[in-house]
Amino acid sequence: MTNPPTRFSDHAVEQVVGRLLQLGVLIAAVVVLAGGALLLAQHGSSPAAFSTFHGEPDALRSIGGIVTGVVSLHSEAIVQLGLLLLIATPVARVAFTLVAFILQRDRTYVLITTLVLALLLYGLVFGKA
Amino acid sequence: MRASAESAPAGPNVADLVLPDFASMTAIAFALLVAGGSFCAGLLGALTGLGGGIVVVPMLTLLFHVDLRYAIGASLVSVIATSSGAAAAYVREGYTNVRVGILLEVATTIGALIGAALAGVTPTSFLAILFGLILLFTAIRSIRPTREHALLTTPDKWSARLRLDSTYPTAAGRQPYSVQNVPAGFGLMFVAGVLSALLGIGSGIVKVLAMDQMMRLPFKVSTTTSNFMIGVTAAASAGVYLHRGYIDPTVAFPVMLGVLAGALLGARILSVANTKLLRQVFTGVVIVMAIEMLYKGFTGGL
């Protein structure tokens with residue numbers, strides 16, 4: 001990204017990937033911390049009952065539901081948004097690596113990386129396995 | 001889990017003997033205790049190099065009586081946080097073999113999606129036994145010292161075709177190495193992906209085994225590339241689990257923040273800590289958890 005005259009070198013890719021991962025984790029942690037603090041402030045005294053599985057409500061397990069909840073400052077939805085950003089961080093890393101391989105005209109690895117990205121997006125967007 | 005604990009005969013559950021009943025806690029007490037436990041897991045995991053993810057699920061299920069599905073969801077999220085945080089530094093130092101990582105991620109993500117599908121239909125007793133065995137394997141690997149094997153530079157058909165051979169930084173400058181047994185390593189990575197999704201762990205130990213022992217990468221390259229892949233592998237199944245309602249915000253947030261904070265501190269104090277003693281302590285904890293998980297698996301108490 002910083003050396004356009006030559007090809008997009010492996011070293012440059014490594015530097016950007018490193019920063020991308022750091023930034024993703026940092027943003028996710030800040031959002032989760034804010035949501036968690038709000039959650040405890042609002043529901044801190046309610047009992048913690050997690051010994052039986054109920055599954056999360058629809059609003060906390062779809063991307064659309066989480067975004068709607070965040071807009072109305074729902075604390076649990078804010079935590080989920082942070083976790084969603086965290087899950088998206090490695091996905092963004094793969095997407096960036098794909099761009100790098102395209103710029104390097106490395107056809108084999110463009111194909112391999114596209115496959116990994118497709119598998120990740122399939123799990124994240126459709127939630128099916 | 002509570003219901004089965006009441007109907008089952010009282011077994012020697014170590015956690016129940018020394019700790020109060022966590023099932024009647026308020027959310028704030030639960031969050032603080034879980035965050036504290038997760039912090040210790042992250043700290044010890046970083047200091048011993050074994051990763052904290054392996055003890056998060058046993059801690060949540062055995063100690064806090066959290067349902068296995070919520071525990072796996074929370075653990076996977078913390079695994080993404082620590083691996084991405086640590087990978088950031090390693091990638092920039094030039095140890096990670098990005099091509100090997102991307103190629104093997106095909107195997108781990110397919111494995112993770114299949115593992116996530118299997119998780120829905122696998123009996124929890126089977127998962128507990130599998131978990132116990134992985135914990136035992138981790139303890140054994142931790143006791144046995146890792147030896148740096150000789151580097152090979154013999155050409156390999158797959159490695160040449162996929163341009164996997166690379167160099168890595170050593171005291172004597174960048175050292176070249178060649179990658180061996182690509183198909184076998186790829187196969188074992190698929191298994192690592194399935195295990196990661198089924199148990200909510202990074203399964204770094206299986207990944208390192210594939211790269212260090214089978215593909216003959218230098219040890220430091222194996223561990224950093226494994227770490228690089230763990231986040232992607234966990235993200236594949238975490239996405240599925242989010243949609244399936246396994247990721248509960250009240251359980252996941254103290255786990256994620258606690259493990260991340262512990263791992264960050266661990267990385268900072270690594271040079272001054274007595275890692276040999278810590279490794280023995282951590283191995284002891286892992287063995288106790290392994291026995292407990294196997295016991296719960298065979299008696300159906302989880």
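Good morning. Counted over all chains, there are eight aromatic pairs in this predicted model. I shall begin with Phe50(A), and then turn to chain B as a whole.

The rings of Phe50(A) and Phe30(B) form a tilted pair, with 5.0 Å from centre to centre and 40° between the planes. Where do these two residues lie in their chains? Phe50(A) belongs to the loop between helix H1 (10-43) and helix H2 (63-71) of chain A, while Phe30(B) belongs to helix H3 (residues 27-48) of chain B, so this pair joins two chains. Both Phe50(A) and Phe30(B) are buried.

Phe50(A) has a further partner in Tyr70(B). Why is this pair called edge-to-face? The planes of the two rings stand at 85°, with the centres 6.1 Å apart, so the pair of Phe50(A) and Tyr70(B) is edge-to-face; the cut-off for that class is an angle over 60 degrees. This pair, too, crosses between chains: it runs from Phe50(A), in the loop between H1 and H2 of chain A, to Tyr70(B), in helix H5 (residues 68-93) of chain B. Tyr70(B) is buried, as is Phe50(A).

These residues are part of one aromatic cluster. Its members are Phe50(A) and Phe53(A) from chain A, together with Phe30(B), Phe64(B), Tyr70(B), Tyr241(B) and Tyr246(B) from chain B.

I now come to charges placed over aromatic rings. One of the cluster members, Tyr246(B), has the charged end of Arg244(B) over its ring, at 5.6 Å from the centre. Between the chains, Arg99(B) lies over the face of Tyr109(A), and here the distance to the ring centre is 5.1 Å.

Let me turn to chain B as a whole. Its secondary structure comprises 13 helices and two strands. How does its radius of gyration compare with the globule rule? The value is 19 Å, close to the 19 Å that the rule gives for 302 residues, so chain B is as compact as a globular protein of that length. Along the principal axes, its C-alpha atoms fill a box of roughly 60 × 45 × 30 Å.

Of the 302 residues in chain B, 58% count as buried. Among contacts in this chain with a separation of 6 or more, 81% involve residues 24 or more positions apart.

To close, I return to Phe50(A), a buried residue whose pairs with Phe30(B) and Tyr70(B) cross between the chains. Thank you.

Conventions:
Residues are numbered from 1 along each chain as its sequence is written. Chains are lettered from A and ligands numbered from 1 in the order in which they are written. This is a predicted model: local features need pLDDT of at least 70, side-chain atom pairs count only at pLDDT 80 or more; totals for chains, interfaces and linings use all residues. Side-chain values use heavy atoms; hydrogens and water are left out. Rings of Phe, Tyr and Trp (its six-membered ring) pair if their centres lie within 6.5 Å; planes under 30 degrees apart count as stacked, over 60 as edge-to-face and the rest as tilted. Helices (H or I, at least four residues) and strands (E, at least two) are DSSP runs, numbered from the N terminus. Buried means under 20% relative accessible area, exposed over 50%, partly exposed in between (1.4 Å probe, protein chains only). A charge sits over a ring if NZ of Lys or CZ of Arg is within 6 Å of the ring centre and within 35 degrees of the ring normal. The radius of gyration is taken over C-alpha atoms; the globule rule is 2.2 Å times the number of residues to the power 0.38. Contact means heavy atoms within 4.5 Å.
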